Amino acid sequence: MSSFCLSQDMDTASEIQELEKQLKETPVEQKVVIFNLLSEKNLSIDSQRSKEYADTAYKLALVLHDSSGMSQALFNLGDALYYLNDYDAAIKYYKEAKGLE
């Protein structure tokens, strides 16, 4: 692995840690954004965890009636499922996200 990749992985890990810290201190109305960011940051590192963050973002956005957050979470679910090789489910979530835009 090149030193650039190692440096990039360390930067991403630091960003994830910072977002997880912010999550604890953020009002519930703003947590959807952080869960979606955590999903995006974890995508290439831990796709299952990315999926879990996206699912949490979606469920919270649904409760808060946050259509933008729901759309982003559905797109992130599609990405995570794509990385997990579940292409049919990924397409389903992409289409559902597109319908909310």
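A: Let us begin with L37, which is partly exposed because its relative accessible area is 32% (buried means under 20% relative accessible area, exposed over 50%, partly exposed in between, with a 1.4 Å probe and protein chains only). This is a predicted model, in which local features need pLDDT of at least 70 and side-chain atom pairs count only at pLDDT 80 or more, while totals for chains, interfaces and linings use all residues. Residues are numbered from 1 along each chain as its sequence is written, and side-chain values use heavy atoms, leaving out hydrogens and water.

L37 lies in helix α2; helices (H or I, at least four residues) and strands (E, at least two) are DSSP runs, numbered from the N terminus. From L37 to S50 the sequence runs 13 residues, and their C-alpha atoms are 9.4 Å apart in space.

Helix α2 spans residues 31-42, and N42 belongs to it. N42 has 3% relative accessibility and therefore counts as buried. Leaving aside residues up to four places away in sequence, N42 touches I16, S47, R49, S50 and Y53, where contact means heavy atoms within 4.5 Å.

Now for the partner of α2. The axes of α2 and helix α3 (residues 47-64) come within 8 Å and cross at roughly 160 degrees. Axes here are lines fitted to C-alpha atoms, for helices over the stretch in contact, and angles run from 0 to 180 degrees between N-to-C directions. The two helices, α2 and α3, are therefore roughly antiparallel to each other (angles under 35 degrees count as roughly parallel, over 145 as roughly antiparallel, 65 to 115 as roughly perpendicular and the rest as oblique). Their crossing is left-handed, a term for a near helix turned anticlockwise from the far one by less than a right angle.

On the α2 side, K31, V32, F35, N36, L38, S39 and N42 meet S47, R49, S50, Y53, A54, T56, A57, L60, A61 and L64 of α3. These contact residues divide into nine nonpolar, six polar and two charged; Ala, Val, Leu, Ile, Met, Phe, Trp, Tyr, Cys and Pro count as nonpolar, Asp, Glu, Lys and Arg as charged, and the others, Gly among them, as polar.

Beyond α3 comes a loop. H65 is found between α3 and α4, and its phi is positive, about 55 degrees, although H65 is not a glycine. With 70% relative accessibility, H65 counts as exposed. The loop between α4 and α5 holds N85, another residue other than glycine with a positive phi, near 65 degrees. N85 is exposed as well, at a relative accessible area of 54%.

Helix α4 (residues 67-83) and helix α5 (residues 87-100) pack at about 165 degrees, with their axes 8 Å apart, so α4 and α5 are roughly antiparallel. Their contact includes M70, L74 and F75 of α4, and Y93, Y94 and A97 of α5.

Stepping back, the chain has five helices and zero strands, following the pattern α-α-α-α-α along the sequence. Of its 101 residues, 36% count as buried. Among contacts with a separation of 6 or more, 47% come from residues 24 or more positions apart.
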